[in-house]
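Please consider the structure shown below together with its sequence.

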Amino acid sequence: MKAALEKIKETAIAVLEQTTEMKAIEDLRVKYLGKKGEVTAILKQMGSLSAEDRPIIGQLANEVRAAIEGEITKRLAELKEAELNRKLKEETLDVTMPGTRRPIGKKHPLSQVLDEVKEIFLGMGFDIAQGPEVEYDYYNFEALNIPKNHPARDTQDTFYINDNILLRTQTSPVQIRVMEQQKPPIRIIAPGRVYRSDAVDATHSPLFHQIEGLVVDKGITMADLKGTLEIFAKRLYGDDTVCRFRPHHFPFTEPSAEVDVMCFACHGEGCRLCKGEGWIEILGAGMVHPKVLSICGIDPEEYSGFAFGMGLERIVMRRYNIDDMRLLFENDLRFLKQF
Ligand code: DAH
């Protein structure tokens, strides 16, 4: 029996040393030390031993059991550590490796310049107003002193939803909406999309952007209009910018003007950029027509105002010397990345 126990101990330890799976080690525990295990089997036969041998074999059996138990614990710990080391090695992060750079987008040139224009006017105490792109004929034309059959409608043909509802051709209807809602003093700009039934070419697009401006208060004069727009032009194009106010006609302003800036490429000489004119038109403006004030419930005897409207695409094209408007809408990254 003694020999059998010694043998079990020897084989068990040898086998355990070879075993590399935790599960297999648990199986070996059952095989040797379990209820039906080999050591237990020997202990069961102890009844047949003499009184002197019994404690000796008993003690030996306990030693064998403890030795196997110890080996199992040791092997399990070793395997656990090996597993941890393997994981640590496999999953290490080299924080000094270069990362994958994701390209960072940026604002479209139209948005960049619009942000600048907004900043300039916010700095002069203007608020930002908005109006719908799907607009009533009344706001887009009628209330702006452009009745049905007025020739100004010809140049602003648009997309009609029905007889009374259309895609706005200008941001000027926001003037009417603001004056209906708000009593003077009024000082707003209204940027937004506008639509016209124009074929696409280098200078036309059926969708483009305008920025409207409106100031109404007591005692507003043409001098306020000129001062405001000159400051605007200088902030946008530089301090040496020279402005020119040319008489013009708009149905909703009286008097009306178009504002040009001296061509910054040729300084008035005439070049390709300004088409030989020496000047570049940037916006339309004028004193709000008394009729328009009245329509909105503002007494033209008490209040006066000025308004202006500019095309954002034009301003951007001039700013960056872009000669084809289509580039602004095609979303070609090779183009957009330049700004
Ligand atoms: N709405 C005009 C257009 O689209 C531009 C314009 C001219 C707006 C004069 C104004 C203004 O507010 O006073 O052609």
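Which backbone N or O atom lies 3.3 Å from an oxygen atom of the ligand? That atom belongs to Phe-308, and the pair is a polar contact, meaning N or O atoms within 3.5 Å; within protein, one must be able to donate a hydrogen and the other to accept it, and residues adjacent in sequence count only if both atoms are side-chain atoms. The model is a predicted one, in which local features need pLDDT of at least 70 and side-chain atom pairs count only at pLDDT 80 or more, while totals for chains, interfaces and linings use all residues. Residues are numbered from 1 along each chain as its sequence is written, and side-chain values use heavy atoms, with hydrogens and water left out.

An N or O atom in the side chain of Gln-170 is 2.7 Å from a ligand nitrogen atom, and one in the side chain of Arg-196 is 2.9 Å from a ligand oxygen atom. The protein buries 90% of the 360 Å² that the ligand exposes when taken alone (Shrake-Rupley method with a 1.4 Å probe; for residues, only the protein chains shown count as cover). The shell around the ligand comprises 16 residues, each with a heavy atom within 4 Å of it; Gln-170, Ser-172, Arg-196, Gln-210 and Glu-212 come nearest. By class, five of the shell residues are nonpolar, nine polar and two charged (Ala, Val, Leu, Ile, Met, Phe, Trp, Tyr, Cys and Pro count as nonpolar, Asp, Glu, Lys and Arg as charged, and the others, Gly among them, as polar).

Beyond four places in sequence, the contacts of Leu-328 (heavy atoms within 4.5 Å) include His-108, Glu-313 and Phe-335.

Ser-205 sits in the loop between strand 4 (186-195) and strand 5. Its relative accessible area is 10%, so Ser-205 is buried. The side chain of Ser-205 reaches the backbone oxygen of Leu-207 at 2.6 Å, and Ser-205 touches Met-325 and Phe-329.

Arg-75, in helix 4 (residues 53-90), is in contact with residues including Leu-16 and Ile-25. Lys-9 is partly exposed at 32%, whereas Arg-75 counts as buried at 10%.

Most residues other than glycine have a negative phi, and most peptide bonds are trans. A cis bond joins Pro-184 and Pro-185, with omega about 5 degrees, and the bond from Glu-254 to Pro-255 is also cis, with omega near -5 degrees. Lys-275 has a positive phi of about 55 degrees and is exposed at 69%.

Terms used:
Helices (H or I, at least four residues) and strands (E, at least two) are DSSP runs, numbered from the N terminus. Buried means under 20% relative accessible area, exposed over 50%, partly exposed in between (1.4 Å probe, protein chains only).
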